[in-house]
Amino acid sequence: MDHQHTEHHHDKAPKNYWLGASLVLAFLAIGGYFLWQYWPTLMINTIKWQREINGQLSDLIYDAKDHNGAIYSLAGLSFLYGVFHSLGPGHGKMIVTTYLATNPAKVKASLIMTVVSAFLQAFVAIALVSILLAFFNSSMREINSAADRFITLSFVAMLLLGVIVAYRALKQAWQLIKQQKHHHAHSHSHSHSHSHSHDCGCGHKHFANADEINQATSMREYLAIIASIGIRPCTGAVLVLLFANMVDMYWIGVVSAILMAIGTAITTSTIAIMTLSGKKLVTKYLSASDDHQPSFTPLAFKLLGGILLIVLGTILLNSQSYGMSPVL
């Protein structure tokens with residue numbers, strides 16, 4: 001009787017599991033299609049909006065030379081620029097949301113990752129502009145083309161991150177398949193002596209814990225994410241630094257760039273928490289279907305995340321070659 005009940009449970013569980021997985025995949029496919037369709041419109045609107053804000057920022061920097069009040073307005077606008085600019089379509093959020101949605105991640109680590117990435121963008125911008133101005137006396141055009149090279153580099157890093165994540169997911173899935181084959185053979189040979197449950201205390205480890213599988217790789221992947229987001233100088237920061245230099249108030253540009261980073265960090269951290277909360281609900285539904293099956297669930301999601309990062313990295317590299325100004 002007990003044996004029949006187990007058989008029935010095993011037949012039913014994969015059905016629930018695959019139904020849940022199919023629904024998630026269908027949702028992602030539809031979302032991907034709409035993103036693909038409306039991407040150019042989103043980009044053009046964001047560029048338009050960015051130009052307007054950039055114009056206001058430059059006006060305030062010129063005013064700040066004569067009026068102290070303009071400095072406070074500039075500080076406020078810089079912070080808001082960071083908050084709203086990072087709400088638009090951009091590679092930083094794509095990396096963070098894609099990775100967090102498809103990989104085991106802790107809230108604290110995710111928040112550290114988003115905050116460090118945002119500040120690194122500002123510091124890369126400050127370092128790049130400062131070095132080019134101080135040592136090479138570069139023109140605005142030369143500084144912008146140097147920033148563009150860094151942007152291309154960050155898209156390549158995003159693509160490589162996708163390759164690493166996908167490769168690791170496949171490697172771990174292969175290890176899990178081998179492990180389960182070994183367990184199946186082992187439990188078959190022991191079926192007459194004792195029955196195995198998920199934690200039967202017989203000294204054999206039957207399933208690798210998802211957290212254990214991912215613990216070793218997640219820190220390296222976090223660093224790769226910080227690099228692929230942070231290596232790209234914040235475009236707004238580059239702009240305010242150049243304008244501030246023109247009016248001989250470079251320190252205002254530095255302060256403005258840091259305020260932008262604070263605004264960006266707040267937005268991306270909020271998006272990260274929302275992503276993790278959404279993932280919790282989906283995972284809860286999928287893991288409710290079976291206790292033995294979900295070993296593969298995190299790996300399937302991880303593979304999907306890697307593929308998404310590769311696709312998005314390719315789209316961004318191509319859209320840049322069409323001369324579209326990429327955003328955050």
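**Entry 1: R168.** I started at R168, which counts as buried at 16% relative accessibility, because the cut-off for buried is under 20%. I kept in mind that this is a predicted model.

**Entry 2: the partner of R168.** Which side chain meets R168 in a salt bridge? I found E221, at 3.4 Å from N to O. E221 sits in helix 6 and R168 in helix 5 (residues 140-190), so this pair ties together parts that are 53 residues apart in sequence. I looked up E221 as well, and it is buried, with a relative accessible area of 1%.

**Entry 3: a second bridge at E221.** I then followed E221 to K302, where the side chains meet in a salt bridge at 3.6 Å, N to O. K302 belongs to helix 9 (residues 297-321) and E221 to helix 6, so the pair ties together parts that are 81 residues apart in sequence. K302 is buried too, with a relative accessible area of 1%. I noted R168, E221 and K302 as linked in a network of salt bridges. My count of salt bridges came to two.

**Entry 4: S228, also in helix 6.** Next I went along helix 6 (residues 210-230) to S228. Is S228 buried or exposed? It counts as buried, at 0% relative accessibility. Its side chain reaches the backbone oxygen of I225 at 3.0 Å. Leaving out residues up to four places away in sequence, I listed what S228 touches: H91, I95, S154, A157, M158 and L161.

**Entry 5: G253.** I moved on to helix 8 (residues 250-287), where G253 lies. G253 is buried, with a relative accessible area of 0%. With residues up to four places away in sequence not counted, G253 touches V240, L241 and A244. I also checked F243, ten residues from G253 along the chain, and their C-alpha atoms are separated by 7.6 Å.

**Entry 6: helix 4.** After helix 4 comes N137, with a positive phi near 45 degrees.

Technical notes. Residues numbered from 1 in each chain as written. Predicted model: local features only at pLDDT ≥ 70, side-chain atom pairs only at ≥ 80, totals over all residues. Heavy atoms only, no water. Helix = DSSP H or I, 4+ residues; strand = E, 2+ residues; numbered from the N terminus. Buried < 20%, exposed > 50% of the residue type's maximum accessible area, 1.4 Å probe, protein only. Polar contact = N/O pair within 3.5 Å; in protein donor to acceptor, adjacent residues only side chain to side chain. Contact = heavy atoms within 4.5 Å. Salt bridge = Lys/Arg side-chain N within 4 Å of Asp/Glu carboxyl O.
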